[in-house]
Amino acid sequence: MAALAADVVSGSAALGCDVLVCPTYVHLSDALSVIGNSPIHLGAQNCSVDASGAFTGEVSADMLSEFGCEYVIVGHSERRALYGETSEVVAEKCFAVQQASMTPILCVGETLEEREADRVEAVIGEQIDVVSARIGARGYENMVIAYEPVWAIGTGKTASPAEAQAVHAMIRARVAKQNEAAAGRLQILYGGSVKPDNAAELFSQSDIDGGLIGGAALDAKAFLSICQSAG
């Protein structure tokens, strides 16, 4: 992990975009020591829904904030699918992250079955509305949203730029119903198998503000190439 972070730091000077790395809990310290005073931001992949209490093995938002994290990913598709996290749980995590003075990266997205049933807007709209009910309209002033088409994660499939743009525009419009000003400034990332060869076209879309990078982030050269496309 330290070597990967060092390679990213060394190549970040020429980038014209914000860069965030979100290692596993056990690698946060290594990443922080390498990032140092560089412009790279540090985040975590998850946090506990509880602020305090006897929850052995859990890591609270306050712990991550005290450690130096600025962002926390919440509601990743794997957390929803594999660990049964409901939209209500995700909303509580968003609230906990904001209460700890960090920025949640809220992941939303649909499965292949939901897309084929023409339920994309209904599914993602529900995921956003539940969060809205918990954090309130002003909560979107400190938020990043990542669109994860679940059917495109780890499969090699990618939504076409037009398909991704349509969903991103829908997300922005949904947030605008709560807070129009915040919606205009909101960063909405695309997180569905972004690679160096498709990043530029995806990022050229008007409502796609960057990427939530998974597998490609394990290769510093590929990750930096994607970052250059966002610059």
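Reader: Is the side chain of R138, a salt-bridge partner, buried or exposed?
Author: The model is predicted, with pLDDT of at least 70 required for local features and 80 or more for side-chain atom pairs, whereas totals for chains, interfaces and linings use all residues. Residues are numbered from 1 along each chain as its sequence is written, and side-chain values use heavy atoms, leaving out hydrogens and water. Relative accessible area under 20% is buried, over 50% exposed and in between partly exposed (1.4 Å probe, protein chains only). R138 has a relative accessibility of 66% and therefore counts as exposed.

Reader: Which residue meets R138 in a salt bridge?
Author: A salt bridge requires a side-chain nitrogen of Lys or Arg within 4 Å of a carboxyl oxygen of Asp or Glu. For R138 the N to O distance is 3.8 Å. The partner is partly exposed, with a relative accessible area of 44%, and is E141.

Reader: How many residues apart are E92 and R134?
Author: The side chains of E92 and R134 form a salt bridge, 2.9 Å from N to O. This pair connects distant parts of the chain, E92 in helix α5 (residues 87-99) and R134 in helix α7; helices here are DSSP runs of H or I with at least four residues, and strands are E runs of at least two, numbered from the N terminus.

Reader: In which helix does R174, the salt-bridge partner of D129, lie?
Author: The closest N and O atoms of R174 and D129 are 2.6 Å apart. D129 belongs to helix α7, 45 residues away from R174. R174 itself lies in helix α8.

Reader: What volume does the largest pocket have?
Author: A pocket is an open set of points on a 1 Å grid over the protein atoms alone, where a 1.4 Å probe fits, with protein on both sides within 12 Å along at least five of seven lines; lining residues have an atom within 4 Å of a point. The largest pocket is lined by 50 residues, of which C22, I73, L212, I213 and G214 lie nearest its centre. Its volume, the space filled by probe spheres set on the points, is about 1,500 Å³.

Reader: Which element gives the largest share of the lining of the second largest pocket?
Author: The second largest pocket holds about 160 Å³ of space. Two helices, α4 and α7 (120-135), each supply at least two lining residues. The largest share is 3 residues, and it comes from α4.
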